[in-house]
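Please open the structure in your viewer and keep the selection tool at hand. The stops below take you from one place to the next, saying what to select and what is there.

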Amino acid sequence: MEESDSVESLCSSTTTRSDRSSGTRVSDTELRSKGRVIEKVLQCKYPSKGELPLLPEEHVQDSAKDVTYICPFIGPVRGSLSVTNYRLFFRCTDREPVFGLDLPLGVLSRVEKIGAATSRGDVSYGLACKDMRNLRFVHKEPEDSLKKSVFEVLMKFAFPVSNNMSLFAFEYKQVFPENGWKVYDPLAEYKRQGLPNESWRISKVNDHYELCDSYPAALVVPVTITDEELRRVSSFRAKGRIPVLSWIHPESQAAVVRASQPMVGQNGRRCKEDEKLLQAIMDANAQSHKMFIFDARPSVNAAANKMKGGGYESEDAYQNAELVFLDIHNIHVMRESLRKLKEVVYPNIEDSHWLSNLESTHWLEHIKLILAGALRIADKVESGKTSVVVHCSDGWDRTPQLTSLALIMLDSHYRTIRGFQILLEKEWLSFGHRFQQRVGHGDKNHTDADRSPIFLQFIDCVWQMTRQFPAAFEFNEYFLITILDHLYSCLFGTFLCNSEQQRLKEEVPKHTVSLWSFVNSQLEEFVNPLYVGYPSHVLFPTVGIRHLQLWVTYYIRWNPRMRPQEPVHQRYKELLAKRAELQKRVEELQREAANRTASSSSERAGSPTRSITPVQTFV
Amino acid sequence: KHPDLLPGEVEFCSANPILKYTQDDLSQRGVFGTLFCTNFRVTFISDEKPQEKTDKTFKNKLYGENDIPLMCVDHIYGVYDEKRKLITGGLVKNKYPSKMIIHCKDLRVFQFSLTFSKEEDAKKIFQGIAHHCLEEKSLKCVFIWCWSHYSGCALFKASFPPVTQEDGDFQKHLDTMINAVAHNHLYSVKTEDLSESLPNIQDIQQSYNKFKQFFLIENSTDFWLSDVKWFSSLESSGWLDIIRQCLQKAVEVVECLEKDNTNVLITEEEGTDLCCVISSLAQIMLDPYYRTLMGFQSLVQKEWVAGCHAFLDRCNHLHQKDKEYHSPVFLLFLECVWQLVHQHSPAFQFSETYLTVLSDSVHVPVFSTFLFNSSHHRESVMKAESPLAQSGPLSCPTVWDWSVQFDSKAQNFFFNPLYLEKVKHDRAVRKPHKPKHQRNLSLPSTAFKTPPKKGFFKDETDSLKKMLRVKRLSRWRGSPDAPTATTREFFESWQHRPLDYHGLLLPCLDGPAVHIWMQRYLRWIPEVYILGGGSVAVMTKLMELLSQVQDLKRVLEQRDSSQAAKLDHRPYFQHRLLSFDSSGRLSSSFPFAYTCYRSFKPIIPTGLMQSLMVTDSLASQEDEASSVVSFV
């Protein structure tokens with residue numbers, strides 16, 4: 001029974017939690033190991049009929065029997081549906097094996113009634129999800145027109161922000177052994193990089209977010225620039241996002257600096273403090289008398305920005321700086337590309353035109369451009385020993401994509417599990433990637449043009465790198481999928497709000513649990529057994545489309561036919577266990593042999609206990 | 001300076017200095033050296049001192065990185081006044097080109113400049129190479145049982161010549177054939193005419209010709225230009241689709257044998273092309289023995305070599321002008337096997353490197369294995385009386401004697417460290433005996449021993465064909481398109497069962513599951529080398545760990561044996577210690593290309609601007625600046 005893994009179980013599921021209090025650990029839905037685990041999970045989740053495994057502070061809001069789920073892979077399934085303040089449960093017991101759906105309401109981007117009721121009074125509901133699937137249910141309209149249908153309740157709890165309610169993250173009170181809010185300490189991270197030093201200082205000018213409300217409190221700037229000058233620079237950079245240090249090369253002192261676009265405008269406005277700041281950044285690196293400014297945008301778009309007061313650094317104003325455009329498109333193009341991708345992969349794949357359909361989405365093409373941009377940045381810093389400034393328009397979408405990828409290439413620390421958490425906390429969260437706006441947590445306005453899969457795209461790029469360097473990352477694919485699942489789930493506070501300032505104002509760390517509390521309390525789930533930490537090993541990935549692949553185990557994971565085979569990791573883990581076991585036995589035997597020789601009054605030195613070389617045989 | 005000649009190898013001509021361009025940049029830089037043409041290969045020897053010899057663990061003893069066996073030459077191009085022309089017989093006589101480009105069948109690309117050497121030398125070497133590579137040189141079955149499922153039903157293949165003859169007697173023949181295996185009418189027979197449902201050998205050839213062009217990259221501008229339309233180009237070649245169709249057909253055959261327990265008869269005109277592909281694939285999916293190194297080798301030997309696949313014609317070893325018979329059918333088979341290996345790695349004892357090397361060996365004219373059109377052909381050529389063999393019988397090594405090409409250390413790469421060896425059960429608690437598949441009988445002995453005269457079995461096949469038409473034993477013939485839906489179900493029900501690497505193995509054939517054989521096709525292209533990465537990083541780690549485990553086991557067994565005073569003679573197939581000092585720096589093309597130590601610079605793409613022209617209005621829309629902060 002436990003062996004009978006099922007299609008059904010796979011097309012169910014998302015995320016759950018580690019329920020340590022109850023003793024049985026409900027592991028997150030297992031996409032990696034053939035769905036068999038899910039079956040187990042589902043079984044222990046339903047200890048007895050009708051009882052739902054609820055999280056602390058999770059309450060059932062409504063449930064309905066006789067709901068039909070139209071599964072695109074196995075056809076209609078009849079069962080019961082429950083809505084809690086956190087998720088949706090659908091369960092069908094009268095089939096073997098048991099079929100279940102369990103998804104956080106946060107993944108829903110749209111819930112709508114499709115068409116009018118049929119003659120039999122059936123109404124169809126469509127649920128569009130942020131995680132690459134659509135669900136469809138058919139349900140009888142309640143005869144009492146005053147009574148709300150379960151789907152109306154669902155709509156209310158799926159979009160709490162639009163209904164003036166709080167997100168479930170603010171109610172969830174699970175206690176984990178580790179507090180994930182303590183993972184990132186900016187000063188400790190800068191200290192790891194050797195900062196402050198003789199050229200760079202940590203400024204308190206933004207302590208109260210007065211200089212820039214979307215920047216963190218702690219900023220690293222050249223020592224030669226005063227806070228007053230920084231204030232003047234802030235009026236020249238879009239949204240006050242001044243050039244500040246992200247990372248410094250431990251040997252060459254070449255720096256990765258991030259910013260937003262300069263407000264040059266049509267008249268070519270200049271700002272001498274800004275020019276001085278960039279000169280100071282260049283001077284802080286004695287190895288090079290040049291610097292590169294990477295503008296993530298296509299040059300056409302950068303130029304068009306001048307009409308609106310923005311623009312890019314002119315060569316006259318910034319001598320010794322070379323400007324490079326990286327041709328990465330804007331958030332709208334990316335959103336459209338993902339929409340097309342979803343069309344191509346869900347629910348059905350057209351096998352014979354798969355490749356051209358995939359190409360027509362341009363998704364991998366965008367991934368390639370982003371990786372190529374990050375590669376050029378990393379190359380300039382590593383091989384050219386040159387400092388770089390990276391910006392796009394506002395410096396909170398393409399800029400963190402580029403800087404964080406370049407940092408992963410340059411600094412092996414960010415390839416560890418904790419290092420990666422720090423990288424996200426720093427480059428994305430503290431520097432104000434607008435998660436609330438880009439994801440639209442709890443907001444029913446699904447057509448909002450500010451939504452865009454920028455962060456997903458970054459995680460995809462990281463995944464591409466883990467494919468190319470399977471032994472260079474401490475974390476596994478499941479870690480990345482877990483991050484993405486909880487990007488939408490609203491179970492944890494990590495990805496809420498748009499900036500550090502907002503998170504402090506809403507007291508997010510005080511009222512919610514961090515995703516890292518959950519992750520770091522069960523690290524073994526996320527460890528890549530193939531990992532070898534090469535310190536100071538720079539990774540230069542290959543960015544040709546020929547070496548990029550679609551992340552099937554994420555984008556097409558709902559299709560049971562695309563279920564991943566047992567991964568290489570599995571075999572490696574088995575071998576590791578076998579080696580450990582054998583080693584133990586050898587040591588035992590050696591000890592035994594040593595004892596025997598000792599007792600037979602031999603004076604020869606005992607065999608070394610640690611060695612695995614063949615030992616002498618004693619008759 | 002002269003090349004180290006193999007026994008029997010004769011040098012025809014040479015020229016010096018010749019500039020060999022380095023493949024990976026546009027700067028037209030290169031290495032000067034001497035170009036030779038022998039009766040076995042074209043070879044280039046650099047004038048420069050070989051840089052500190054990188055230890056080539058995976059060295060081919062017959063030919064090195066600057067050697068091209070003559071049969072491996074696919075096309076030769078000459079560059080005349082900046083124009084590239086395909087060299088055919090006619091062009092050879094007149095002018096010699098300033099630059100000669102050689103495309104190899106194993107997808108390497110060589111570029112030589114002829115302008116630096118003396119005119120007569122250049123002319124001689126060009127004509128010599130063109131002559132020996134391109135000139136045409138001077139120099140078939142039947143109803144065959146392939147394999148029996150343990151249930152008793154069997155797989156057969158047969159050739160059906162298009163001509164039909166009204167002929168009696170067919171009933172008897174058929175009954176004799178079927179009854180022998182099918183245990184007295186217990187099972188029905190399904191026939192599948194592969195020439196109806198699969199592409200023919202010319203389609204395969206055309207598709208592959210198109211496909212391989214995408215990998216014959218001459219410089220990095222080409223590379224980045226073709227990178228843009230990569231997926232649609234691949235699709236337009238149709239090659240992956242042909243692979244999918246073959247695997248699909250093999251799954252259908254497997255379904256009949258495994259699920260429906262019917263006999264299956266696959267047919268095509270000659271019975272030696274797609275029949276070989278499908279029958280071999282079906283056997284690999286059904287029988288774990290064929291997933292071992294020895295098993296795979298015997299399968300190729302049985303189905304392909306003894307099964308009369310016309311290697312000589314299909315591989316075009318003799319560069320005949322008549323293109324009709326050329327077709328990479330055997331390569332297609334290896335491609336399909338690779339898909340299986342890629343999807344179910346732990347089920348195979350051999351590695352993808354083994355498959356890649358095997359695909360290369362087809363074009364090394366040293367082995368008897370792939371040189372002939374049939375066993376009959378082989379025997380007649382190899383016989384002492386043959387005019388070709390003036391001095392006693394010819395002796396060619398078979399390709400399976402890998403020591404001819406690789407030393408034992410290099411042969412380690414043929415083993416898959418992920419292979420999950422069958423766990424030997426304790427003899428006391430034996431599982432209920434599962435009847436074995438029959439595989440050892442090979443061909444009916446008559447067909448195997450005596451070279452079949454033309455039409456030896458013809459009567460039978462014709463009559464069989466007729467008989468099948470009359471009796472309509474087949475259930476599918478009525479609905480040729482139906483199988484897809486049922487095989488889908490068959491796959492899904494297999495997928496739900498726990499995975500047994502020593503049991504039935506089926507491939508997933510959905511679009512995203514069919515991949516490109518990266519190792520074979522991308523190994524010579526520097527732009528895609530991943531320094532310090534690629535699957536080699538995993539493989540070397542696994543191999544290390546595996547040898548540690550084996551070491552420990554040996555230690556334990558030595559102890560046991562010393563105590564029990566008996567020796568265990570179990571062979572240690574995989575116990576070969578590998579040491580990679582710099583596995584962190586190996587490139588993904590390992591063990592094939594060795595340029596990885598050259599530099600550690602990233603490869604920055606060029607021409608990105610052309611790449612992605614998003615034309616819709618979204619591109620020009622403003623990101624965030626547009627909306628005048630209207631949130632939270």
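A residue is called buried here when its relative accessible area is under 20%, exposed when that area is over 50%, and partly exposed in between. Please keep in mind throughout that this is a predicted model.

**Stop one: an annotated pair in chain B**

Begin by selecting Asn200(B) and Ile201(B), which UniProt, in an unreviewed entry, lists under "binding site". Is Ile201(B) buried or exposed? Its relative accessibility is 14%, and because the limit for buried is 20%, Ile201(B) counts as buried. Asn200(B), by contrast, is partly exposed, with a relative accessible area of 37%. Ile201(B) belongs to helix α5 of chain B, while Asn200(B) sits in the loop between α4 (194-197) and α5 (201-213) of that chain. If you display the side chain of Asn200(B), you will find that it reaches the backbone nitrogen of Gln202(B) at 3.1 Å. Then show what surrounds Ile201(B): setting aside residues up to four places away in sequence, it touches Asp273(B), Arg314(B), Glu324(B), Tyr325(B), His326(B), Ser327(B) and Val329(B).

**Stop two: the annotated cysteine of chain A**

Next, select Cys392(A), which carries the UniProt annotation "active site", again from an unreviewed entry. Cys392(A) is placed in the loop between β14 (387-391) and α11 (398-410) of chain A, and at 0% relative accessibility it counts as buried. With neighbours within four places in sequence left aside, the contacts of Cys392(A) include Ser260(A), Asp295(A), Arg297(A) and Arg398(A).

**Stop three: aromatic rings**

Now turn to the aromatic side chains, for which the count comes to 68 pairs over all chains. Select Tyr215(A) and Phe431(A), whose ring centres are 5.1 Å apart and whose planes stand at 85°, so the pair is edge-to-face. Tyr215(A) lies in the loop between β8 (200-203) and β9 (219-222) of chain A, and Phe431(A) in the loop between α12 (417-430) and α13 (435-440), so the pair ties together parts that are 216 residues apart in sequence. Tyr215(A) is buried at 0% relative accessibility, and Phe431(A) is buried at 1%. For another edge-to-face pair, select Phe406(B) and Phe414(B), where the centres are 5.7 Å apart and the planes are at 90°; Phe406(B) is buried at 2% relative accessibility and Phe414(B) at 1%.

**Stop four: charges over rings**

Select Arg546(A) together with Trp230(B), and you will see the charged end of the arginine sitting over the tryptophan ring, 4.4 Å from its centre. Within chain B, Lys99(B) has its charged end over the ring of Tyr21(B), at 4.7 Å from the ring centre.

**Stop five: a strand and a helix of chain A**

Return to chain A and select Trp200(A), found in strand β8 and buried, with a relative accessible area of 1%. Once its neighbours within four places in sequence are set aside, Trp200(A) is in contact with several residues, among them Leu195(A), Val221(A), Leu245(A), Ile248(A) and Ile281(A).

Finish with helix α14 of chain A, residues 454-468, whose 15 residues reach 22 Å from the first C-alpha to the last, close to the expected 21 Å. This helix, α14(A), is mostly covered, since 14 of its 15 residues are buried.

How values were computed
Residues are numbered from 1 along each chain as its sequence is written. Chains are lettered from A and ligands numbered from 1 in the order in which they are written. This is a predicted model: local features need pLDDT of at least 70, side-chain atom pairs count only at pLDDT 80 or more; totals for chains, interfaces and linings use all residues. Side-chain values use heavy atoms; hydrogens and water are left out. UniProt positions are given in the numbering used here, feature names are shortened, and annotations may be inferred rather than shown by experiment. Helices (H or I, at least four residues) and strands (E, at least two) are DSSP runs, numbered from the N terminus. Buried means under 20% relative accessible area, exposed over 50%, partly exposed in between (1.4 Å probe, protein chains only). A polar contact is a pair of N or O atoms within 3.5 Å; within protein, one must be able to donate a hydrogen and the other to accept it, and residues adjacent in sequence count only if both atoms are side-chain atoms. Contact means heavy atoms within 4.5 Å. Rings of Phe, Tyr and Trp (its six-membered ring) pair if their centres lie within 6.5 Å; planes under 30 degrees apart count as stacked, over 60 as edge-to-face and the rest as tilted. A charge sits over a ring if NZ of Lys or CZ of Arg is within 6 Å of the ring centre and within 35 degrees of the ring normal. The expected span of a helix is 1.5 Å times one less than its number of residues.
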